[in-house]
Amino acid sequence: MTKQIVWTILLIWLLSVTALSQIISPEKLFGKYQQFVWQDQHGLPQNGISEIVQTPDGYLWLAIAEGVARFDGVRFTAFNTENTPEIKSNNVQALLVDHNGTLWIGTHGGGLSRYKDGKFANFSTPEGLSAPFVRAIFEDHSGNIWIGTDGGGLNLFRDGRFTVYSTAEGLPDTHITTINEDAKGNLLVGTRKGLVQFQDGKFSVFTEKADLDKKNIEKIFRDKSDNLWVSGNNGLSHINGWELTSFGEDDGLKNSLILSINQDLDGNLWFGTKDNGLYRFKDNHFEPLTSEQGLITDGIQAIFPDQLGNIWLGTNGGGLAELKTGRFRTYTTADGLVGNIILAIFEDRAGGVWLGTDQGLSRFFDGKFTSITSTDGEKFAHTNTLTQDHEGNIWSRSNAGVNALKFRETDSKVDIVQAGAFANRASAILQDKTGNIWYGTSYNGLHRVGLDGWETEFHKKDGLADEYINALFEDSKGNLWVGTRNGLSRFKDGIFTTFTASSGWTGNHVLSFHEDGDGNIWIGTHGDGLFLFQNGKFSVVNSKNGLYDNLAFQILEDDNQNLWMSGNRGIYRANIGEIEDFVAGRRSSVNSFAYGSYDGMLSRECNGSNPAGIRTKDGRLWFPTIKGAVVIDPKITDEKQPTVKIEQILIDNQVLANGMEVKMQPTQNDLEIQFTALSWNRPSQIKFKYQLVGLDNDWVDAGTRRTAYYPHIAPGDYTFRVIADNGEGVWNNEGQSIPVKVLPPFYRTWWFYGLSALVIALIIRLIYNYRLAQLKKINEAKTLFTQQLIENQEQERKRIAVELHDAIGQSLIVIRNRALMGLNTPEKQDRLIAQMEEISEAAADSITEVRRISQNLHPYQIEHLGLTTAIETMIENAANASPIEFEKDIDDVDGILSKEAEINLYRIVQESINNILKHSEATKAKISIHRNSDLLSVLIKDNGKGFSPENLPKRKSGLGLTGIFERAKMLGAKHEISSFQGDGTIVSLQLNLSEKV
C-alpha cells in the first residue's frame, strides 16, 4: 500500500470521526428538541447555508457560498466549479426539488444548473435565461419551473425553453426575491418593489394592505391551511383569503428581517430571522429561541422540517443545525422532576414510577411528576435504593437512611412507617416470596429480617463470595441470587453456593440480574461481560464477541426477546436468540446496538443503583442517567430499509466521472469505492457489508466505515456489492452493485495467447520438420551403412571363397592327387612314403591357412591371450609383413571392457592398421593405448600422405572409416579422425570407463 493511500485512509477516518455531530444545547430547546450542529471542522465545506432541500433518495442538499453540499447524515460531499463544470458559479442562492425529484440549483452569476439521474446540466443566457443571477426557483401546480433573477425579471422554463417576463408585462421590478402561488394556483411574485400576482399573462398588484405593494418582499410561504405568510422589510403578514394580519413586537416577534418560513409535521410555523434567532408559531403565539437559550447562532437563513419531525436549520456562519426529537423520551426538571441526576427507578403496584434523584424523590403517574416528601417536608435526597413490600410500603435508602414509606396519593405525602430500619448501610433491598426482607450491605455481608423481626446475618464464612453486596434477585424458583463486588453466590435450600470457574463463572463484580421467559438467568457485571446461566452452566458474551459494552447496570427484556442494558457509555441491546446461538457455537458473534445522545438522551451516562432501570406495565423501559430519566418504547422501531448508494469511485486516486464504466487499465493498481446509506433515524450507526464478487469469498464487515479499498486486483470481471442496515438491524440486502473490469496486460490477453500459440505451433513444426530431416539423414546413413555392410559381407564371402578355393582348395587337390598316386603305385614303397610326406606338408599348409582366415573372422587371441596381447600380436604381425616401422605404447587393458566392447576396440585398431598398410604410404606409425583412472585413450597416427577432410563423407566404398565411426558410437566414445594432405592421419578415441560399456 502506497504512502498516499495510507494518508487517504487516515484522512477519511478522521473525517468520519469528526463528522459526528455535537450537542450544543445542554438542555432541550422548546422543551422537545436537542440541537446537533455540523460545522467546517465536521466536514461542512462552508458554515453559511442559505437553502436546505431533500431529494427523494434521502440526501439533504445545502446551498452554500462554495457551491452545493450533499449530506447523508455523516459525510458531506461538495459540488462546485472545481469538480463540477456544469456549476458555473459557487455562489448558490436557491434550491428546488421538483415533483420528478430533479434538483434545480440557482447561482449568482452562473445561471441555472440541473441535477437529474446523477448528471448535471447548466442553463444560462446562451440557452435563453434572461440573466445568470438566479435568486428564486419555484414549481407551480402544473409542473412549470419559474426562475426569479436579480435584474433579469422572471423566467418560465417549460418544454426546454425559457419565456421571459419583465416590466413590460407589469412587473414592478426586475429583481425577483421569492415566488409562490395561492390556493387558486395564481402565481405570486415578490420583488424589491412589492408583491404582485400573475394572471392572464400579466402582473398586477396582489394587495395594497400593509404596503405589500411597495416594500421589499423577502419570503412568500403558503401553509397547510392555504394561508399566505409574507415577510419583508415591513415585518410579517398573514393573509387568510383577503384578510391580512400583521405581526410585530407586540405579538412577541422582534423587529428583524425574516429570511425563511416553514411548517412542521404538527402544523407549527417556524420563522428564521436575520439576527434575532428562531421563532415557532404555536397555539397562535410566537415562541422565541435565540443563542441565549442555546441556539447555535441568531442568524437563521433556511428552515427544513423533515418527515421524522426534526427541524434542520441553515445558519449564517453557524453551520448546519438539527433540532432533533429523538426516539427516546428524556424527563428532566423541566418536566417536573425534582432532580436531574437519577439514581434509582421503581414501579409500584398502582403503576406509579418512583425516581430517586440527587435532590429528592419523585413519582410519575398519569403523565406528570410529583415531588414526594414526608409530612414534615423531608425530601429524601440521594435516594438510590427502592422496592415495595407485600403490604405496599415503599422501602427506600436515602440520606435519611433506610425507611419504609406509606404513600398517600391524595397529597403526595408519605408516612414513615419504619424509620432507620436497618442499622447497617443497605446497598440492595428485597422482600422474598415468603415475606422475609433481605438487604445487602457495603462491607458487612447479607442480612435477613424475618416476619417475626428476627435478623440473621450471612458472611463469607457462611459461603458468601464477598462482604460487599451490589445486587439481590429472587428467581421464579425462590432461589436468592447475591451479586457481590468479588463473585456470585446463590442461596438455595438454606445453603449458599459460590460459583467458580469449574461451572463456567469467570466474573467478579456483579451488578444486575434478569430472568427470561425460559427461566434462564442473565447476570450483568462491571467489565466482565454478560453471563447466561442455562442448564446449570455459565456462558459469557462480551465486547470481543460483538457486545457493545462489558458493563451492565441493569438488564431489561422487551416483547421481542431483546435485552436492553445500560452502562457508562449509553444504553445498548442484543437479542436473546442470537446470544444463545453464539454460546451454542451456531454463530461466531452477536449483534448489538448502542443508543446515546442522538437518540434523545441528554447524556449517555447511566447510573447503577437499585434498581438501575425498570420495565413498566405498559412495556416501556426506564433508565436513570446523570441528566434525567430516559424512557424507551421498544415497540417503536424503524423497520424501513436504508437506501444504499455508491457515491464515488476512484482509480489510483483519480475520481471516475459519474456514469462511467469501472474499467481498470493494466497500469492502474488501486480501486477505492465510497458508498453510503440513507436512513435519518440513526445515520451514524448505519453498518455496511461489501463484497467484490470474484475476489472476496464472503462479505467484508465494514462496520460504520463507508469506503472499500482494493489494491492490485488481478485481471478479470468482478461485481462490487454493498449492503447496509438502518442502525437498528434492518438490512437492505439488495443494496447496490456495479460491475468492475480489470484489463489484463497485453501478454495476458486472448490475442496474445493466440499469437503465442501460433508461434509455438510454428516452432514445434519447424523442430518437427528439422527432426524429420535428421531422421531421414540418419535413415539414409543407416541404409547406406547396411548396403555397405551387405556389400562388404559379399566381398568378404568372395574373399573367403577365393582363399578357400585358391589356398585350401588347391592344397586339398594336391593332397587328393598325391593320395591317388600313392594308391596307384602301392608296390613302390619308397614312392608311397614320399607321397605321404607331401600330403602331410600340404595338410599342414592348409591348417595354417585355415587359422589365418579364422583369425581374420574372429580374433581368438582375445579369449585366450587377452585384449592387450591380441592387439600387440596384431601390431607385430603388421610390422613383420610390411616395411613400415610400427611403434606401440600400450597399457594393460584386460578385463576393463565387456566382451562386445573389447571386439569393437580391437576392430577399430585393426581397421586403422589396415588403412595404414593399404593407403597411407607411411614409413612410421604409432599405436598408443593408455588408461588414466576412468578414462581410456586410444591414439593411432602415421606419417603417410593423408587426405583432405572434405573428401571424408564421400569415402563410402567400404566400411573403412565408417566402420570406425560406427564402432566408436557403439562404445560411446568420443572419437576424432584428423588428416591433412601430405601430413599423415591421426585417429583418437576417449572412452569413459565409469559408464557401462
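Gln34 stands opposite Lys324 in strand S29, and that pair is a handy way into this predicted model. The two strands behind it, S2 (residues 34–38) and S29 (residues 320–324), pair in the antiparallel sense over five bridges. From there we can look at the sheet around them, then at another set of strands, then at the chain as a whole.

**The sheet around Gln34**
- S2 and S29 belong to an open sheet of five strands, in the order S1-S2-S29-S28-S27, with antiparallel pairing.
- Strand S1 (22–23) and strand S27 (300–305) sit at the edges with a single partner strand each, so one side of each has no neighbour in the sheet.
- What holds strands like these side by side? Strands of a sheet pair through backbone hydrogen bonds.

**Strand S53 and its partners**
- Strand S52 (residues 562–567) and S53 make a hairpin, with two residues between them.
- This pairing is antiparallel and runs over six bridges, with Gly567 standing opposite Gly570 in S53.
- S53 also pairs with strand S54 (residues 592–595), again in the antiparallel sense, over four bridges; here Ala574 stands opposite Ser592 in S54.
- Is S53 (residues 570–575) mostly covered or mostly uncovered? Mostly covered: five of its six residues are buried.

**The whole chain**
- The protein chain has eight helices and 71 strands.
- Of its 997 residues, 50% are buried.
- Among contacts with a separation of 6 or more, 51% come from residues 24 or more positions apart.
- The chain exposes about 47,800 Å², and carbon and sulfur atoms supply 49% of that.

Terms used. Residues numbered from 1 in each chain as written. Predicted model: local features only at pLDDT ≥ 70, side-chain atom pairs only at ≥ 80, totals over all residues. Heavy atoms only, no water. Pairing = 2+ DSSP bridges. Buried < 20%, exposed > 50% of the residue type's maximum accessible area, 1.4 Å probe, protein only. Contact = heavy atoms within 4.5 Å. Areas by Shrake-Rupley, 256 points an atom, 1.4 Å probe, with all protein chains shown as cover.
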